[in-house]
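Dear colleague,

I am handing over the structure that you will be working with, and below it I have written out what was found. Please keep it open while you read.

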Amino acid sequence: MKELKSGVYWVGATDWIVRYFHGYELSTHRGSTYNSYLIKDKKTVLIDTVWKPLTERFMENLRAVVDPSTIDYVVVNHAEPDHSGALPTIMEYCPNATVVVSKNGLESTKKHYHKEWNFKVVATGEKINIGENDLVFIEANMLHWPDSMFTYLTGKNILFSNDAFGMHYASAGLFNDEVDEAEVYQESIKYYANILTPFSKLVAKKIEQVKGLNLPVDIIAPSHGVIWRDNPMQIVEQYYEWAKGVNEKSVVILYNSMWGATHKMADFIANGIEQAGLSYKIFNAATADRNDVLAEIFKAKGILLGSSTVNNGILTSLAPYIEDLMGLKFINKVGASFGSYGWSGESTKVLSEHLEKAKIKVLQDGLSLKYMPTEEELVQCVEFGRSFGVKLMTEME
Ligand code: FEO
């Protein structure tokens, strides 16, 4: 039995196995957890459930704390199936329980499960008294779905924040002070970069709104990963910083190459980046993990895309990144393109156009070289990297 505070329990499920989320879109190298919480007051409250395949484990954890038929309220902070998958099973045990949802949560829950449960729609600031303490609700539209909502438990000072402030991270320890801090940081920023970046403006506003409520917060209990007990507001401050854009003095060089010419260009461009006093990371688009690379792009100010020309365009391994760069809407990035070609040579034009479409400021014309670079052309690559680095530094002044 895992207790957050007296009468408040973690009853979720740890998934040590999962390596992909959202189908096969998001890598989860360190597994994940589906956090569900049970509050015992005069009323019994369940906050969120788990992904359906882990229902059995969840029910075991829940039964260790409470008889499921005695649950009075089930709060659905967000109806994405990783948190609502076990809801139909729970409702078989407590069919008369009140299902608490946001206005948008009413639609998403009904559209997922097509059940007429006893719904109660709550708006920001509404309270439900559960005995000694109250549940206070805060709608969090687009953090990261229209239905997303936070629930705050008075008396215990716990903010149940659902996906916000979470990370895909399976661990034996339940709290942030019981696990490797560096791993948690990496998984948190990867989660933010890959899921929350498009909503950064809303993230900043929501944080300002929640802080304005002046609620004492002892614990932030998200729906994935560890629970923030040691200095819980650190993740809130971190989100506020991330929402403004990170943009460290560094460059991600992301390329693919058919016969090594574009690869060679990437290496020599990196030399130039270094000469300009910047750090860099190089990734091959076909072999790297896309979500890890996107987290690195989120951190860096600059991105250089490289591809050989094929079929008058680019190598297809770059295409998913381009789609994500447009969708994730990273803030204040700068970029440029490079690539080798045999005859037509469109790749740099195509890549630069995609950077512009993703609102990434293109600092210089693409560097396009025919076949394998000569010694002189490699010097050109170094100069390309150096001049990009210098321009990037100017942009940051
Ligand atoms: Fe963890 Fe939006 O689901």
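Lysine 156 sits in the loop that joins strand 14 to strand 15 (158-162), where helices (H or I, at least four residues) and strands (E, at least two) are DSSP runs numbered from the N terminus. Please bear in mind that this is a predicted model, in which local features need pLDDT of at least 70 and side-chain atom pairs count only at pLDDT 80 or more, while totals for chains, interfaces and linings use all residues. Residues are numbered from 1 along each chain as its sequence is written, and side-chain values use heavy atoms, with hydrogens and water left out.

Which residues does lysine 156 touch, if those up to four places away in sequence are not counted? They are Lys5, Ser6, Val8, Asn133 and Asp218, contact meaning heavy atoms within 4.5 Å. Serine 6 is 150 residues from lysine 156 along the chain, yet their C-alpha atoms are separated by 8.4 Å.

Strand 12 pairs with strand 13 (residues 134-139) in the antiparallel sense over 3 bridges, and asparagine 129 has aspartate 134 in strand 13 as its bridge partner.

As for the whole protein chain, it has 12 helices and 22 strands, and its C-alpha trace spans about 80 × 40 × 35 Å along its principal axes. Of its 397 residues, 58% count as buried, that is, under 20% relative accessible area with a 1.4 Å probe, protein chains only. Among the contacts in the protein chain with a separation of 6 or more, 71% come from residues 24 or more positions apart.

I hope this helps you to find your way around the model.

Best wishes

Note on methods. Pairing = 2+ DSSP bridges. Buried < 20%, exposed > 50% of the residue type's maximum accessible area, 1.4 Å probe, protein only.
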